[in-house]
Amino acid sequence: MTAKVRLTEAENIARIEFDHPEKDVNLLDTETLLQLKDILASLRGRVDLSAVLVTSAKPRVFIAGADIREVETFTDRELAFSKSEGAKAILQMIEDLKVPTVAVINGACLGGGFELALACRYRVAGFSDAVRIGLPEIQLGIVPGMGGMLRLPRLLGIIKALPLILTGKMVGAKDALKLGLVDELFPDKTLPEQAAAFARNAPLKRDERPLSFLTRFFEKTSVGRYWVFRSARKRVLTQTRGAYPAPLRAIEILRKTGGLTPVSGSRIESEGFADLVGSEVAQNLIRLYLLNERYKKFPWTDLRLAPEPVLTCGVVGAGVMGGGIAQLLSNRNIAVRVKDIHTEALGGALREAYRLYGESVRRKKMKPFERDRKMSLISTGLTREGLRGCGIILEAVVEDLGVKQKVFRELGAITGPGTILASNTSSLSIHDMAKGTPHPERVIGLHFFNPVNRMPLVEVIPADVTSQETIERTVQFARSLGKTVVVVKDVRGFLVNRILGPYLNEAGYLMAEGISPERLDAAARKFGMPMGPAELLDHVGIDVGCKVAHILEEAYGARMKTAPLLERLVGKGYLGKKVSLGLYRYKGKQAARNPGLDLPKPARVLPEEEVLKRLLSVMVNEASRCLDEKVVAEAGAVDIGMIIGTGFPPFRAGLLRYADHTGLKKIVEDLERFAASVDRERFTVAPLLARLAANGQTFYPS
Ligand code: NAD
């Protein structure tokens with residue numbers, strides 16, 4: 001057994017130091033906890049020491065939490081319960097030490113790591129931006145199971161602890177001090193010495209903070225507590241629409257454990273942890289977490305080039321996307337030159353960037369001088385001047401192949417071999433754009449989603465002529481912007497729009513059968529989508545949706561035949577939110593059905609479940625075609641793309657995970673039924689899906 005924790009002693013101070021020998025981070029897995037237990041047993045009853053410090057030997061990480069891969073295996077309730085009880089008993093040994101205990105937080109202190117720190121009498125941290133403290137368990141569909149549910153409210157009071165537990169929010173060093181999560185902050189360089197001095201002077205017993213009258217009312221009276229928990233429950237139900245059980249269980253645990261010690265309340269927390277961890281929702285959220293981690297680092301090429309920061313970028317086309325990209329780049333401290341053919345567009349892009357920064361300033365996330373500095377990184381022009389020396393030039397002009405080809409030819413002629421030429425097209429062929437340029441190997445697709453600053457996904461689309469180096473550098477670049485990358489084959493709609501297209505199109509057919517937009521949206525929202533397909537069509541623009549539908553129809557034929565209703569809506573000028581009239585009419589904050597819609601009366605009442613099956617089965621079918629054609633290599637790439645690109649419900653862990661869970665045989669049966677009763681072409685079962693279902697297999701290896 002390799003040592004992951006060690007004990008040293010000097011000048012009357014014992015130091016428990018975490019140092020995982022193989023990983024960059026410290027994790028609290030069973031093995032580490034058992035080693036900690038032995039160390040704590042050796043310190044039990046020692047009164048000769050001045051203090052015990054808990055430290056980390058890793059730079060920028062204290063303890064990043066439990067080992068999620070291990071937690072994923074706690075599907076047996078009894079096992080999960082005993083793991084939680086066992087871990088708590090070990091952390092209780094820290095609390096029971098007879099000398100002051102101090103956690104020295106030099107970086108990420110999350111989940112179980114923070115629960116360990118909470119078992120210490122005191123916590124001190126460095127000023128470093130690496131310090132992040134919190135209990136993010138709720139985001140994995142579970143509750144903290146190492147005593148955090150009892151110790152955090154004891155430290156902060158329920159009112160301050162509740163939002164931290166219910167949102168899983170992580171806070172930086174300064175906020176941690178303000179909230180009372182840590183007792184002192186010290187400069188990183190002198191943290192070890194100052195922490196030791198702090199420990200030497202720390203009394204064994206902490207001073208209780210006096211409570212204000214209001215806090216006493218809400219925390220200590222039954223009426224106050226009833227009100228606090230009731231309003232928290234209401235808020236959670238509004239935000240999660242009941243799809244996530246963990247926050248509700250957390251409220252329940254906090255309600256039941258009020259006034260109990262970590263020992264007397266232990267069982268209540270362990271039961272909550274054990275009930276949740278094996279649940280479908282928690283297992284899905286854990287899978288999604290692991291998938292996210294995988295795709296943060298996924299090696300898309302065989303090359304392993306050293307990262308080369310891009311210092312200057314060009315953006316051609318200053319519309320919605322070009323403007324958004326320019327703001328994103330400047331926000332990452334990259335100087336960006338924006339070119340357009342219209343002065344007004346350039347002004348618009350600058351105004352939009354200023355507006356976005358203004359929001360950050362208003363929310364006190366940015367100082368005005370930082371906004372001004374970042375704005376000064378954006379320069380604009382009507383000529384190609386200033387684009388020559390750029391590391392990457394992103395093209396975001398109108399969606400027209402002829403225009404884009406011309407732009408690429410010109411850019412190819414004025415730039416050297418070090419410049420990557422990337423297109424933000426959502427539907428055109430990268431190959432067609434690349435072939436006319438002098439250096440096609442430097443051309444690639446880099447598809448951002450709208451709004452650029454908020455959507456975490458980018459699709460990177462190499463053409464068949466794109467060099468491996470261009471792919472690798474583009475992936476590195478997109479990651480440096482904080483985006484998650486999926487590398488996708490150069491097919492129409494790439495991955496996300498190709499799968500989302502049939503869903504929106506099917507919504508058009510369903511509405512033409514008399515299913516109201518409200519019913520469609522309610523069904524999709526109930527399933528967990530952030531908005532329904534009718535709302536999404538209005539949001540994207542029905543004309544844009546229709547244009548994409550036509551491109552997909554042209555590429556994939558009859559199964560993607562554009563719903564005639566969408567064309568009719570465009571013809572009537574019902575373009576969506578941008579003109580305040582689409583499937584809904586937008587007046588102020590209220591949206592009501594567009595009175596001019598005039599949908600037919602449905603021939604028969606279609607149950608909600610049936611509506612959902614139609615919407616979802618076409619997506620699963622198309623996703624299976626994408627896998628078959630190697631648009632992406634594995635089911636995980638489809639799922640990560642659909643979740644972070646379209647908001648597919650995270651608690652379902654993705655479209656194909658949902659399909660596996662439902663049963664591919666059932667989905668095939670649904671498709672066959674729809675093919676017979678609704679439309680043969682749209683619902684023809686894709687070969688891979690048919691094969692997997694027939695063999696009793698799943699998209700994910702089981
Ligand atoms: P937009 O119409 O808002 O902006 C296009 C801009 O390009 C205009 O300002 C126009 O003046 C400029 N332009 C046209 N020809 C030019 C030329 N030769 N040189 C320089 N500038 C020129 O378009 P948008 O919505 O920002 O879309 C841009 C690209 O991004 C398109 O390829 C689109 O498919 C893609 N895209 C759009 C979205 C979206 O939601 N809007 C999402 C992803 C990708």
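A residue counts as buried when its relative accessible area is under 20%, as exposed when that area is over 50%, and as partly exposed in between, using a 1.4 Å probe and the protein chains only. By that rule, Cys626 is buried, at 0% relative accessibility.

## About the model

Welcome to this structure, which is a predicted model: local features need pLDDT of at least 70, side-chain atom pairs count only at pLDDT 80 or more, and totals for chains, interfaces and linings use all residues. Residues are numbered from 1 along each chain as its sequence is written, and side-chain values use heavy atoms, with hydrogens and water left out.

Helices (H or I, at least four residues) and strands (E, at least two) are DSSP runs, numbered from the N terminus. Contact, or touching, means heavy atoms within 4.5 Å.

## Around the ligand

Let us start with the ligand. A residue is near a molecule or strand if one of its heavy atoms lies within 4 Å of it. The ligand has 24 residues around it, and those that come nearest are Met321, Asp340, Glu399, Lys404 and Ser426. By type, the shell holds 12 nonpolar, eight polar and four charged residues. Here Ala, Val, Leu, Ile, Met, Phe, Trp, Tyr, Cys and Pro count as nonpolar, Asp, Glu, Lys and Arg as charged, and the others, Gly among them, as polar. At least two shell residues come from each of helix H14 (320-331), helix H17 (401-414) and strand S16 (443-448), and H17 gives the most, with three.

Which atoms pair up with ligand oxygens? A polar contact is a pair of N or O atoms within 3.5 Å; within protein, one must be able to donate a hydrogen and the other to accept it, and residues adjacent in sequence count only if both atoms are side-chain atoms. A side-chain N or O atom of Ser426 is 2.7 Å from an oxygen atom of the ligand, a polar side-chain atom of Asn424 lies 3.0 Å from a ligand oxygen, and for Val320 a backbone N or O atom lies 3.1 Å from one. The protein covers 78% of the 830 Å² of accessible area that the ligand has on its own, with areas from the Shrake-Rupley method and a 1.4 Å probe; for residues, only the protein chains shown count as cover.

## A closer look at Lys404

Lys404, one of the residues nearest the ligand, is found in helix H17. Is Lys404 buried or exposed? Lys404 counts as buried, at 1% relative accessibility. Leaving out residues up to four places away in sequence, Lys404 touches Glu395, Val397, Val398, Glu399, Ser423, Thr425, Leu428 and Met433.

## Cysteines

A disulfide is a covalent bond between the sulfur atoms of two cysteines. Counted as a pair of cysteine sulfur atoms within 2.5 Å, there are zero disulfides in the structure. Cys109 is in no disulfide, and the nearest cysteine sulfur, that of Cys120, is 9.2 Å away. Cys109 is also buried, with a relative accessible area of 0%.

## Helix H22 and its partners

In helix H22 (residues 533-540), the buried residues are Pro533, Ala534, Leu536, Leu537 and Asp538. These buried residues pack against helices H20 (496-512), H21 (517-527), H23 (542-556), H24 (564-571) and H25 (608-628), and against strand S19 (584-587). After H22 comes Gly541, with a positive phi near 105°.

## Backbone details

Most residues other than glycine have a negative phi, and most peptide bonds are trans. Glu11, not a glycine, has a positive phi of about 45°; Glu11 sits in the loop between strand S1 (5-10) and strand S2 (13-18) and is exposed, at 66% relative accessibility. Lys630 also has a positive phi, near 60°; Lys630 lies in the loop between H25 and helix H26 (635-646) and is exposed, at 58%.

The peptide bond from Asn450 to Pro451 is cis, with omega near 0°. Pro451 is in the loop between S16 and strand S17 (457-462).

## Two leucines

Leu457 belongs to strand S17 and is buried, at 1% relative accessibility. Beyond residues up to four places away in sequence, its contacts include His447, Phe448, Thr484 and Ile644.

Leu204 lies in the loop between helix H8 (191-201) and helix H9 (213-220) and is partly exposed, at 38% relative accessibility.
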